[in-house]
Amino acid sequence: MYNYNDINIKATNNFLRKVFLYMVLGIAISLGTSLYLYVFNIELLYRIGGYFRILAIAEVAMVFGLSFFINKISSGMARMLFLLYSLLNGVTLSTIGFYYDPVTIVYAFTMTLVIFVVTAIFGYTTQEDLSSYRRFFTIGLISLIIMGLINMFLGVGVLYWIETIVGVVLFSGLIAYDVNRIKSLAYNVADGDAELVEKIGIIGALNLYLDFINLFLYVLRIFGRKSR
């Protein structure tokens, strides 16, 4: 006789596996796009440069579209938007090669990967419900945005480093929080409607993708820019 709890746990793990696969696919697309443009087709990157603001607006629109209209679009459309977002983000991320040495980028990416794995494992294995920290992360994100906007005009070195450290700590915590939240959500919906499960999985992958990319960008700050 099958144990319902064991079946649900298996369905939950399958769901989480799919979420991580989507997230890894998104990062692979972004990484591949960045490498192709910066290493093999920098002329195309310069041509695209004039449209970066349009691309940035399109990326924001895709994130909000996926987050707020997920119930009104099909899982196929959600998947396409996520993959397209990963591609566009790869285009914009390719410019970091102008500001950081390749070795520095590799170090930062490796460090980000290590932090991601450690915090994701914690978020998955902890018995604590991390949803109680939602307000803390919300306040942290708002504070981080405000600090960034202020320092765009002031250019204060100390504030820059405070923002950097806060960003690393905040997104490290968000990885554990999101994995914990996705695991809890998966346990409740993993054996439900296939279309709904697929869309929730894509949103989960998007959240983890954004956590990873933002953490990478803040870790990259710590390693420093190219000397001019």
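The exercises below, with worked solutions, concern selected helices, a surface patch and a loop residue.

The model is predicted: local features need pLDDT of at least 70, side-chain atom pairs count only at pLDDT 80 or more, and totals for chains, interfaces and linings use all residues. Residues are numbered from 1 along each chain as its sequence is written, and side-chain values use heavy atoms, with hydrogens and water left out.

**Exercise 1.** Determine which helix supplies the largest share of the nonpolar patch.

*Solution.* The patch covers about 1200 Å², and its members include I142, L149, F153 and V166. Patch residues have over 30% relative accessible area and no salt bridge, with nonpolar side chains joined within 5 Å. Helix 6 (134-154) and helix 7 (157-189) each supply at least two residues; helices are DSSP runs (H or I) of at least four residues. Helix 6 gives the largest share, eight residues. L149 is placed in helix 6 and is partly exposed because its relative accessibility is 46%.

**Exercise 2.** Compare the span of helix 8 with its expected value, and state whether helix 8 is enclosed or open.

*Solution.* Helix 8 (residues 194-223) has 30 residues and reaches 43 Å from first to last C-alpha, close to the 44 Å expected at 1.5 Å a residue. The expected span is 1.5 Å times one less than the number of residues. Because 21 of the 30 residues are buried, helix 8 is largely enclosed by the rest of the structure; buried means under 20% relative accessible area, exposed over 50%, and partly exposed in between (1.4 Å probe, protein chains only). Just after helix 8, G224 has a positive phi of about 90°.

**Exercise 3.** Describe the setting of T126.

*Solution.* T126 lies in the loop between helix 5 (102-125) and helix 6. T126 counts as buried because its relative accessibility is 16%. A polar atom of the T126 side chain lies 3.2 Å from the backbone nitrogen of E128.

Technical notes: Patch = residues over 30% accessible without salt bridge, like charges linked within 9 Å, V, L, I, M, F, W, Y side chains within 5 Å. Areas by Shrake-Rupley, 256 points an atom, 1.4 Å probe, with all protein chains shown as cover. Salt bridge = Lys/Arg side-chain N within 4 Å of Asp/Glu carboxyl O. Polar contact = N/O pair within 3.5 Å; in protein donor to acceptor, adjacent residues only side chain to side chain.
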